Amino acid sequence: MNNQEYTIKTMSLEDLKLASNWAALEGWNPGKFDAECYFKADPNGFLMGYLGDEPIASISVVNYGNEFGFLGFYIVKPEYRGKGFGYKLWQAGLNYLSGINVGLDGVVAQQDNYKKSGFKLAYQNVRFERSVVVPKAISDAVYNLSEVAFDKVAQFETAFFPVERNEFLRSWIEHPEHIALGYLIDGKLKGYAVARYCEKGVKVGPLFADRIEYAKALFDAVQARLREGDTIYLDVPAINEQALTLVDDYAMKPCFETARMYTGNIPELDVRRIFGITSFEIG
């Protein structure tokens, strides 16, 4: 260990933006405005390790109402790896989430290490990519999500996330740089999608829908708002066969994979209607 004092502090929003830059250097391709939205989820849920005055490690441990937590952004600057700094931060993060079920999307190669901390594998999430092809027509059932009452969106989302996360959700769907679309039939929300520009291309997440045709209509409507040739990404639960059918129909190619793991029981989510998860960092 270095002779300088190692301390762990709660991040500011500017610190979280720094951690997002580290994630970009790791090739994780964060959204350009992820930090300010993530911060809404739990302003105390982001920790940074300092060696002296230098920030060298980060972790997110978002606590959703003392009912469920999600861990991400676990990064140590390359020159400080293998020295115990990351593990101390990891322990501090898990301590912050003590007593509740914790989820994460970890790189597959680290599954065994996560198991040592009590995490159990639920399923794989796979990132798929393709170049945007702007469709000639989009469904007239697709609306801007701003036209849908927020309470309807929040209620719809309860099938896909273990607990309420309205502060984050509102910032995610209402961010002026995000594309947020809903699929409505007779005024009832049947699906919604959010897309945001990242360091490279555009990620769609979440993509929740009652049926695959609704998910496709939303995916097409997102592409219609993008530039031809942009790269578009979708993070798919590998246990959802309909979602795998969707990415196959769009000739999307896998480019990254994570292990979704939990410390407690696997939440009873309607994975059959999850065509794209929201975020590898906060669930």
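Let me begin with strand S10, which gives the most to the lining of the second largest cavity, with three residues; strands here are DSSP runs of E, at least two residues long, numbered from the N terminus. This is a predicted model, in which local features need pLDDT of at least 70 and side-chain atom pairs count only at pLDDT 80 or more, while totals for chains, interfaces and linings use all residues. Residues are numbered from 1 along each chain as its sequence is written, and side-chain values use heavy atoms, with hydrogens and water left out.

A cavity is a set of points, on a 1 Å grid over the protein atoms alone, where a 1.4 Å probe fits but cannot get out, and its lining residues have an atom within 4 Å of a point. The volume is the space filled by probe spheres set on the points, which are joined across faces, edges and corners.

The structure holds two cavities of 30 Å³ or more. By class, it has four nonpolar, three polar and five charged residues, where Ala, Val, Leu, Ile, Met, Phe, Trp, Tyr, Cys and Pro count as nonpolar, Asp, Glu, Lys and Arg as charged, and the others, Gly among them, as polar.

The largest cavity has a volume of about 110 Å³. Of its 16 lining residues, Phe160, Phe161, Arg260, Leu269 and Gly283 are the closest to its centre. That lining divides into 12 nonpolar, two polar and two charged residues.

Methods. On a 1 Å grid over the protein atoms alone, a cavity is a set of points where a 1.4 Å probe fits but cannot get out, and a pocket is an open set with protein on both sides within 12 Å along at least five of seven lines; lining residues have an atom within 4 Å of a point. Helices (H or I, at least four residues) and strands (E, at least two) are DSSP runs, numbered from the N terminus.
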